[in-house]
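Please read this briefing alongside the sequence and the model. The notes are grouped by topic, so that each can be checked by eye.

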Amino acid sequence: MIKQCFMFLGALLLLQATAFSTAQAAPEHSPWPGGIAIIDIGSGAEPPVVTLGDKPVLVMARDKRWHAVVGVPLDTSAETLTLRVADEDVGIELVSRSYREQRLTVKNQSYVTPGQAQLERIGAERKIIDTALNEFRPVASDGIELAAPVTGPRSSSFGLRRFFNDLPRAPHKGMDIAAAAGETIVAPRRGVVSATGDFFFNGNTVILDHGQGFVTMYCHLSAIDVETGQALLAGEKIGAVGATGRVTGPHLHFGTYLNGTAVDPAILLAE
């Protein structure tokens with residue numbers, strides 16, 4: 001299945017151009033938990049097949065060479081990751097990174113300790129979200145840099161170990177952007193809507209598939225203005241800022257994912 005995806009991807013890339021573009025924008029190599037590793041994997045007419053474990057990895061052209069773009073799992077304790085590039089193993093040396101703690105007070109206790117019916121709902125929603133976040137659509141990548149989806153102060157909250165009402169929960173896997181309720185949220189680059197829904201924790205949510213396992217997620221919206229399967233161009237409206245789901249006030253939770261793993265949106269956002 002993976003090889004078929006990359007055969008199709010290679011054909012698309014050959015149709016896209018006969019030479020590599022030097023104008024592709026990409027973030028810098030950030031090889032730490034929650035970061036992005038950008039690895040030179042050589043030149044050639046077609047991109048090599050690259051995998052991390054059982055997952056295909058995004059491959060893009062940069063400076064006339066192929067580069068693998070790998071999301072480093074936030075929870076990894078490994079000192080290296082091993083990519084499979086064609087028939088060879090390529091090691092990625094990782095550097096350590098620590099994240100702060102954040103303590104929040106939530107008035108609705110069900111968002112901290114859900115009941116059985118709520119747990120069943122959460123489980124069903126998790127399957128929908130995980131399917132969208134792990135989608136691999138074999139299209140040519142023209143870069144991974146993102147424009148801001150909404151104007152406002154950006155928190156450095158990615159990776160925070162979160163405590164709700166003093167109870168420990170999973171680290172924060174996105175960036176919170178402060179904005180007033182009703183502010184317009186736009187697509188940060190072209191993509192296809194892979195899922196929408198009103199989810200227990202995330203509230204009104206939109207997930208965009210940008211191709212090759214590059215996915216962005218938008219949570220707590222007051223309104224959703226797109227439908228599943230809809231193709232969007234950069235700058236088109238997705239919805240509006242809100243305070244739905246588990247929140248303490250209006251804002252946009254902005255998540256970014258590569259090869260099914262959450263990465264820090266700050267690495268990807270253009271200045």
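The points below take up confidence, a sheet and a loop residue in turn. The model is a predicted one, and the protein chain averages a pLDDT of 86, with 83% of the residues scoring at least 70. Over residues 1-24, however, the pLDDT is below 50, although this stretch has 43 contacts in the model beyond near neighbours in sequence.

**The three-stranded sheet**

- Three strands form an open sheet in the order β1-β5-β4, and their pairing is antiparallel.
- At the edges lie β1, covering residues 36-42, and β4, covering residues 58-62, each of which pairs on one side only.
- From one strand to the next, the twist of this sheet averages 35°.
- Strand β5, made up of residues 65-71, runs antiparallel to β1 and is joined to β1 by six bridges; G42, for its part, has W66 in β5 as its bridge partner.
- In general, strands of a sheet pair through backbone hydrogen bonds, either parallel or antiparallel.

- E135 is found in the loop that lies between helix α2 (116-133) and strand β9 (161-164).
- Because its relative accessibility is 36%, E135 counts as partly exposed, the range for that class lying between under 20% for buried and over 50% for exposed.
- Leaving aside neighbours within four places in sequence, E135 is in contact with D209 and G213.
- E135 and V215 are 80 residues apart in sequence, while their C-alpha atoms are 8.1 Å apart in space.

Methods. Residues numbered from 1 in each chain as written. Predicted model: local features only at pLDDT ≥ 70, side-chain atom pairs only at ≥ 80, totals over all residues. Heavy atoms only, no water. pLDDT = per-residue confidence, 0-100. Contact = heavy atoms within 4.5 Å. Pairing = 2+ DSSP bridges. Helix = DSSP H or I, 4+ residues; strand = E, 2+ residues; numbered from the N terminus. Axes fitted to C-alpha atoms, helices over the stretch in contact; angles between N-to-C directions. Buried < 20%, exposed > 50% of the residue type's maximum accessible area, 1.4 Å probe, protein only.
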